[in-house]
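Here is a briefing on one protein model and its ligand. Look at the structure first, then read the points by topic.

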Amino acid sequence: MSANKNRVYIFDTTMRDGEQSPGASMNLEEKLRIAAVLEEMGVDIIEAGFPIASQGDFDAVKAIAGTVTESTVAGLARAGRKDIDRAWEALKGARRARIHTFLSTSPLHMKYKLQMEPEAVHQAIIDSVAYARNLCDDVEWSPEDGSRTEHDFLCRCVESAIKSGARTINIPDTVGYAVPEEFAALIQMLMNRVPNIDKAIVSVHCHNDLGLAVANSLAAVGAGARQVECTINGLGERAGNAALEEVVMALRTRPDKMPYTCGIRTEHITKASHLVSTITGFPVQPNKAIVGANAFAHESGIHQDGMLKHAGTYEIMTPESVGLNRSTLVMGKHSGRHAFKAKLKELGFQLGDNALEDAFKRFKDVADRKKNVYDDDIVALVEDEVVRSHERLRFVALQVVCGSRGPQMADLELEVDGTLHNVQARGDGPVDATFNAIKKLVPHQAVLALYQVHAVTEGTDAQAMVTVRLVENGKSVNGQGSDTDTLVASARAYIHALNKLLTKRERTAPAALSA
Ligand code: KIV
Ligand code: ZN
């Protein structure tokens, strides 16, 4: 930990609280990709999951603990020994591990959720923190619903948690009820009244139900908190958590009002936002601060004129400071393998020989069909290629008949476990026909819960990025696909989601495909 008293630690919980958003599920490979970007960005603590929640969560925390070296990897655990043991089992391979354990302390939660008396809750805090501390040097404790907890009881619990070995005390505004002045006063109250508070770092974890999560977090920093828990794009339960990018850019842009530093390399923000949005299928609203498509766009003539005279007239931070490089024209169809490889390196991708070869073929294909190939096109097609490796179902070709005269028909070629299949199907429109063709080859009961199309760049020849969400037995998976042809991108996205569903099913009962 830093000797600098004004250093704020950034604790990212995109893969734990963020994943608790309905539909925002991520598989192991996707979590590893997010973890790599968070580590590269300089996140201090990555909360990788809740190991007891499922085998998938456990595996993801263990895999992240085994690969991340710079950031601390945290796993969440309730107050029981079983939870804490499971968290430690997943975390113990990490270079820096943290057990994050929590228990509700508000009258409402203790009475109705826990059905425990305050004395029993207090004892459980002492027992669980001491137990976790026996396993791991770095223990964080959170009083769930902390902002609605009686002050005397909160002080007592915090003091006991620190005595039992907690190094970080995290105060959650679990239901997003607090307002900045009140939340800052709560932190100040703990700073003043808990006698051993100097032995721990005070953290905050704010939810956004009233749209105040970032404001509450920053107010708490002003009152002495030195860790902020947040998520990329503000993902999280209900209305989400404090958005990492907003907290960090507020600190960077207003040091005159908030003289605190953090270790985030902000130039990675746009990439992280894009990755999380693509993987979860949660789009970023265009007017979202820092990472929305319009955050640095100037539409009105008066603003454009001002910008031309001096960028500071309407821009309080540069697009480059968040890694938004105005789409650069990169390559064309005459670009060779070496140039392509160099471009991938510049964009932060390191592919093995086979993946590189596949990505290069896709690039040539796109360059043949699209006049200008931008950085974002390359990112989309490489992500598509990375995502597609080791899949049982592989898209080969698609021919679609559409238009107003009908009937709409799809003729699809699909490789299933290495064998080529061909199928035709009709539908209510070309997308429906395409999805019906896939369903004919791979029958399933999953329900289509989301179908979403975005243009990767501008212009009518832009690549389409499609996200598909399938839900089966209450579990959801997201698939992505990109192509200059929206229907091909749709087929790729659906097949990607189906591949994930098959992997999920295989974990419980391996079965042959019915194609
Ligand atoms: O919102 C909350 O209270 C939480 C705790 C587990 C920290 O997510
Ligand atoms: Zn939370």
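This is a predicted model. Start at Tyr451: its relative accessibility is 32%, so the residue counts as partly exposed.

**Surface patch**
- Tyr451 sits in strand β14, which spans residues 447-455.
- Together with Leu448 and Val453, Tyr451 makes a nonpolar surface patch of about 230 Å².

**Ligand 1 site**
- The residues around ligand 1 include Arg16, Asp17, His100, Phe102, Ser142 and Glu144.
- Also among them are Asn170, Pro172, Thr174, His205 and His207.
- By class, this shell divides into 2 nonpolar, 6 polar and 3 charged residues.
- An N or O atom in the Thr174 side chain is 2.7 Å from an oxygen atom of ligand 1.
- For Arg16, a polar side-chain atom lies 3.0 Å from a ligand oxygen atom.
- For His205, the corresponding distance from a polar side-chain atom to an oxygen atom of ligand 1 is 3.1 Å.
- Ligand 1 has 260 Å² of accessible area on its own, and the protein covers 94% of that area.
- Which elements give two or more residues to the shell around ligand 1? They are β4 (97-104), β5 (139-144) and β6 (168-173).

**Salt bridges**
- Side chains of opposite charge can pair when their charged atoms come close.
- The structure holds 27 salt bridges.
- Arg33 pairs with Glu29, with the closest N and O atoms 4.0 Å apart.
- Both residues lie in helix α1 (residues 28-41); they are 4 residues apart, so about one helical turn separates them.
- Arg33 is buried at 17% relative accessible area, whereas Glu29 is partly exposed at 32%.
- Arg238 bridges to Asp209, and here the closest N and O atoms are 2.7 Å apart.
- Arg238 is in the loop between β8 (227-230) and α9 (244-253), and Asp209 is in the loop between β7 (201-206) and α8 (213-222), so the bridge ties together parts 29 residues apart in sequence.
- Both ends are partly exposed: Arg238 has 48% relative accessibility, and Asp209 has 33%.
- Glu245 and Lys288 form a salt bridge with an N to O distance of 2.8 Å.
- Glu245 belongs to helix α9 and Lys288 to the loop between α10 (269-280) and α11 (301-309), so this pair ties together parts 43 residues apart in sequence.
- Are Glu245 and Lys288 buried or exposed? Both are buried.
- Arg16, Asp17 and Glu47 are joined into one network by salt bridges that share partners.
- Arg16 and Asp17 are also among the residues around ligand 1.

**Backbone details**
- Gln115 is not a glycine, yet its phi is positive, at about 50 degrees.
- Gln115 lies in the loop between α4 (107-114) and α5 (118-135), and it is exposed at 66% relative accessible area.
- Asn473, also not a glycine, has a positive phi of about 50 degrees.
- Asn473 lies in the loop between β15 (464-472) and β16 (475-483), and its relative accessibility of 75% counts as exposed.

**A buried cysteine**
- Cys155 is found in helix α6 (residues 151-163).
- Cys155 is buried, with a relative accessible area of 7%.
- Cys155 and Met189 are 34 residues apart in sequence, and their C-alpha atoms are 8.7 Å apart in space.

Methods
Residues are numbered from 1 along each chain as its sequence is written. Chains are lettered from A and ligands numbered from 1 in the order in which they are written. This is a predicted model: local features need pLDDT of at least 70, side-chain atom pairs count only at pLDDT 80 or more; totals for chains, interfaces and linings use all residues. Side-chain values use heavy atoms; hydrogens and water are left out. Patches are made of residues with over 30% relative accessible area and no salt bridge: like charges are joined within 9 Å, nonpolar side chains (Val, Leu, Ile, Met, Phe, Trp, Tyr) within 5 Å. Accessible areas come from the Shrake-Rupley method with a 1.4 Å probe; for residues, only the protein chains shown count as cover. A salt bridge is a side-chain nitrogen of Lys or Arg within 4 Å of a carboxyl oxygen of Asp or Glu. Buried means under 20% relative accessible area, exposed over 50%, partly exposed in between (1.4 Å probe, protein chains only). A residue is near a molecule or strand if one of its heavy atoms lies within 4 Å of it. A polar contact is a pair of N or O atoms within 3.5 Å; within protein, one must be able to donate a hydrogen and the other to accept it, and residues adjacent in sequence count only if both atoms are side-chain atoms. Ala, Val, Leu, Ile, Met, Phe, Trp, Tyr, Cys and Pro count as nonpolar, Asp, Glu, Lys and Arg as charged, and the others, Gly among them, as polar.
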